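Here is a short report for a first look at this structure. Keep the view open while reading.

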Amino acid sequence: MSRIAVVTGGSTPERDVAFAGAAQVVDALRTAGHFVSVVDTVTGALAGSSEAELLQPEVGELPPTPDELRALAEREKLGDIVQLPELHLADIVFLVLHGRQGEGGEIQALLDDAGLPYAGSNAAASALAMDKDAAKQEFEAVGIPTNPWCMWPADSETIEELGFPLIVKPSKVGSSVGLSVVNSHDDLHAAVDTATIYDNDVMLEKFLPGRELTVGVLGERALAVGEILPTHDLFDYECKYTPGMTEEVFPAHIDDTLRDRLQIQALAAHRALGLRDFSRVDFKEDSEGVPRCLEANTLPGMTATSLLPQSAAAAGISFVELLESICSMAIARAHGGNKDYP
């Protein structure tokens, strides 16, 4: 059995999402016999009542407000977090952390500097995947179809080439926070203003009307394809985290040709960004039924009912087995085995 430090929380709009995932990761790892300590990047090491209070499995319908996020950011000192004994005594650090600190590579860079091993992608790959503009360029470079996009500000000609409706979203934020669908120029600036609450870089994407599909990746294996069926037109924050607002079908009811194509492209996207250990790659079909890669998630949701664990379960891998496999890859790498897959 191993000593594992789970780092979670954060000062991003996905703080509650991280706690919900950490609640189930911590429980599963302890059930498997591991010694698990928990660290919130804002408040520090958690124990007893503070752990029970913060690690709640439910996510609210709305993310924290901008004022709440500013207050959290003022208290957060990642440089101090990586000096905690809970991390230095651990065999590995397991990140259940979203947004710029986790998916953006900030804490990975600090962990590398401190010589602390961790599960998941390194700082450079995390930052690349988090930057949706840069990631899409990598997808195109290796022949993975993605939906047409541009960055704001954009001239009228470029916007007309994309066509309405458009998706407007922050470039470096997950969980569909700050995302809007706009149907005309009249709505565009308000949507951009909403997105810039969460990130200075704003992306405009062509809206794709087809099915939304996702594929988990574990090591060098593409897991089961799933289909996401939200009650809204988009798989937004409310649909993602409100019970009953989304149906998720694993494995997806698709033919073998499409399944194989999605699994091949998911692995190609994972490799193109230099990811390791695990990820989740999302797709949506265009009007002609062609799947286009939306993004790769380096630290996807990790509750037992999140999309990556469901993709694993449909491939015959339980939640505990998924976590154990991720941990084994990180521990082998820390011990010089350079093992990036089970």
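## A buried salt bridge

Arginine 333 counts as buried, at 15% relative accessibility. The model is predicted. Arginine 333 pairs with aspartate 277 in a salt bridge, and their closest N and O atoms are 2.8 Å apart. Aspartate 277 is buried too, with a relative accessible area of 0%.

Aspartate 277 sits in the loop between helix H13 (256-272) and strand S12 (278-285), while arginine 333 belongs to helix H15 (residues 319-334), so the pair ties together parts 56 residues apart in sequence.

## Other salt bridges

The structure holds 13 salt bridges. One of them joins arginine 70 to aspartate 67, with 2.2 Å between the closest N and O atoms. Both residues lie in helix H3 (residues 66-75), 3 residues apart, or about one turn of the helix. Arginine 70 is partly exposed at 47%. Aspartate 67 is exposed at 54%.

Arginine 292 bridges to aspartate 286, with closest N and O atoms 3.0 Å apart. Here arginine 292 counts as partly exposed, and aspartate 286 as buried. Lys136, Lys169 and Glu205 are linked in a network of salt bridges.

## An open sheet

Four strands form an open sheet in the order S5-S8-S6-S7, with antiparallel pairing. Strands S5 (149-151) and S7 (180-182) stand at the edges with a single partner strand each, so one side of each lacks a neighbour in the sheet. Neighbouring strands are turned by 25 degrees against each other on average, direction ignored.

Three bridges join S5 to S8 (residues 202-206). Cysteine 150 stands opposite leucine 204 in S8. Helix H9 (residues 132-141) packs on the sheet, touching S5, S6 and S8. Helix H11 (residues 185-196) lies across S6, S7 and S8.

Conventions
Residues numbered from 1 in each chain as written. Predicted model: local features only at pLDDT ≥ 70, side-chain atom pairs only at ≥ 80, totals over all residues. Heavy atoms only, no water. Pairing = 2+ DSSP bridges. Helix = DSSP H or I, 4+ residues; strand = E, 2+ residues; numbered from the N terminus. Axes fitted to C-alpha atoms, helices over the stretch in contact; angles between N-to-C directions. Contact = heavy atoms within 4.5 Å. Salt bridge = Lys/Arg side-chain N within 4 Å of Asp/Glu carboxyl O. Buried < 20%, exposed > 50% of the residue type's maximum accessible area, 1.4 Å probe, protein only.
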